[in-house]
Amino acid sequence: MLDIKPLLTEVKQKEGRSTENHDDRPCVSLERGNLLTVPIGYIDSCFSAKNGTPRQPTVCSLSRARLKIDKTVFNNPEHSLLGLEQFSHVWIIFVFHKNGHLSYKAKVKPPRLNGVKTGVLSTRSPHRPNAIGLTLAKLESIEGDTLHLSGIDTIQGTPVLDVKPYIPEYDQPVGEMEQHEQSNAVDGLQQGADWSGVPVTTDAHADASEIMESKSFRQQLNPKFKNGLNKEGREQEVLNENLDKGAFQLTRTVLQKSTVSGTTEGVVPRNCVDHNLIKAVEKIEQYLSTEDILGDSTQRTRDAQLGGERSVLKDQGLTMDQFKARDSVTHNVSLSIVASWVRQSPVANLEVRFTPHAAKDLDLFQAMDADPRKTPFRYLQSLEEARSAITAVLLADPRSVYRRKHCQDQLFYFTLDAAHITCWFGDGFAEILRIKP
Ligand SMILES: C[S@@+](CC[C@H](N)C(=O)[O-])C[C@H]1O[C@@H](n2cnc3c(N)ncnc32)[C@H](O)[C@@H]1O
């Protein structure tokens with residue numbers, strides 16, 4: 001990416017135009033996708049260098065930054081931020097300005113794949129054509145022309161090309177938001193039920209059958225199961241509760257396993273998802289209404305059971321028929337699928353330890369300031385936050401694959417806010433040796 005500001009100023013000066021005029025930026029080859037960019041501001045980050053900077057915003061929610069919108073881009077930078085305070089998260093589109101050179105390598109080795117290569121466009125590698133990065137940051141506050149951000153993975157001085165509000169309604173696949181809401185509802189209902197024995201496959205039909213046959217599912221539905229008696233010993237109520245939970249959980253599991261799961265080779269095609277789901281839900285419905293599972297139970301119990309499963313759809317304000325009708329119109333309820341290496345990386349999280357010396361070092365930060373509530377940190381607000389942020393960074397193993405494999409016994413340094421941290425890595429752990437200002 002080329003910073004066109006000096007170029008633009010030069011052109012304007014040559015042509016005798018005012019360099020203050022912002023409306024005549026040349027649209028050079030815009031239609032071909034050639035874009036001369038103007039950073040709208042530069043990140044002022046708690047990370048000064050790449051080493052130790054989180055690989056994604058989710059690694060360390062305490063990583064903070066400021067972004068001051070540049071006056072040379074907008075006459076009134078604060079006007080450009082009008083309305084943004086109504087959003088909690090923003091997309092930051094930026095330039096990996098410290099890459100050294102542009103990269104046209106078609107394959108890269110993402111750290112989570114621990115040395116295995118994959119296509120650059122299937123990764124979030126910083127080494128990519130055009131060196132464009134995309135981060136979802138929390139918008140803590142806006143003061144005048146400055147955004148206060150947290151959960152960032154960008155270093156000091158990173159040029160920002162654009163900021164956009166994060167809008168789950170637009171930024172998630174159709175149907176995914178409802179799915180999250182259902183999952184939350186189920187989590188609320190689960191109250192300690194253990195479904196870990198439920199088998200996992202990728203086919204919704206197979207899932208439904210297999211789960212219904214599974215011991216853990218049957219146990220959950222059995223009022224005699226260890227948690228099966230409620231406080232007053234009322235079996236029937238517990239059966240109803242368990243059936244509700246079971247139906248919810250079963251539907252959710254089928255939904256998730258049949259849409260989200262998958263290996264790198266075999267993922268469920270997106271267009272199968274809705275039909276699989278409907279068939280699976282129907283099968284569950286049939287199953288739950290049969291006598292063999294209810295035994296001598298009453299119609300009331302049967303209704304209670306089916307209520308649980310139906311309320312998964314009810315959360316969307318839909319009956320089963322409406323759901324089917326909507327589906328036949330949109331054919332497009334598709335949940336996201338993620339390559340398995342992202343969630344099941346061969347690189348495990350590390351245990352993080354502070355040596356007594358390092359813990360003492362951290363305490364000295366407080367002693368350095370006359371006011372005991374203040375520390376030399378610019379972004380971190382307490383020693384506790386510093387400790388948590390350092391832990392979060394190391395937990396995710398910030399080493400490059402090369403360093404992990406070939407330089408195991410070397411010390412690792414990084415800076416976080418005003419702290420310079422020295423640590424080393426052993427088998428499955430990171431140990432902090434020193435923390436200096
Ligand atoms: C893996 S990238 C992901 C960035 C972004 N979330 C994305 O998906 O595009 C994050 C890493 O890029 C590096 N990085 C951050 N800011 C950078 C910059 N301005 N120039 C070069 N590398 C940078 C840091 O090492 C950080 O760990």
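The structure is a predicted model, in which local features need pLDDT of at least 70 and side-chain atom pairs count only at pLDDT 80 or more, while totals for chains, interfaces and linings use all residues. Residues are numbered from 1 along each chain as its sequence is written.

**Barrel**

- Helices (H or I, at least four residues) and strands (E, at least two) are DSSP runs numbered from the N terminus, and two strands pair if DSSP finds at least two bridges between them.
- Six strands, in the order β1-β2-β7-β6-β3-β8, close into a barrel with antiparallel pairing.
- From one strand to the next the twist averages 45 degrees, with axes fitted as lines to C-alpha atoms (for helices over the stretch in contact) and angles running from 0 to 180 degrees between N-to-C directions.
- Two bridges link β1 (residues 41-45) and β8 (residues 159-165) in the antiparallel sense; here Gly41 is opposite Val160 of β8.

**Pairing around β12**

- Strand β12 (residues 429-436) runs parallel to β9 (residues 351-354), to which four bridges join it, and Ile432 in β12 faces Phe354.
- Strand β11 (residues 419-426) runs antiparallel to β12 and is joined to it by seven bridges, with His420 opposite Lys436.
- β11 and β12 form a hairpin with two residues between them, and Gly428 in the turn has a positive phi of about 85 degrees.

- Most residues other than glycine have a negative phi.
- Ala131, which is not a glycine, has a positive phi of about 50 degrees and lies in the loop between β5 (118-119) and β6 (132-143).
- Ala131 counts as partly exposed because it has 18 C-beta neighbours inside 10 Å; a residue is buried with 20 or more other C-beta atoms within 10 Å of its own, exposed with 12 or fewer, and partly exposed in between, C-beta atoms being placed from the backbone.
- Asp397 likewise has a positive phi, near 50 degrees, and is found in the loop between α14 (383-395) and α15 (401-406).
- Asp397 counts as buried because it has 21 C-beta neighbours inside 10 Å.
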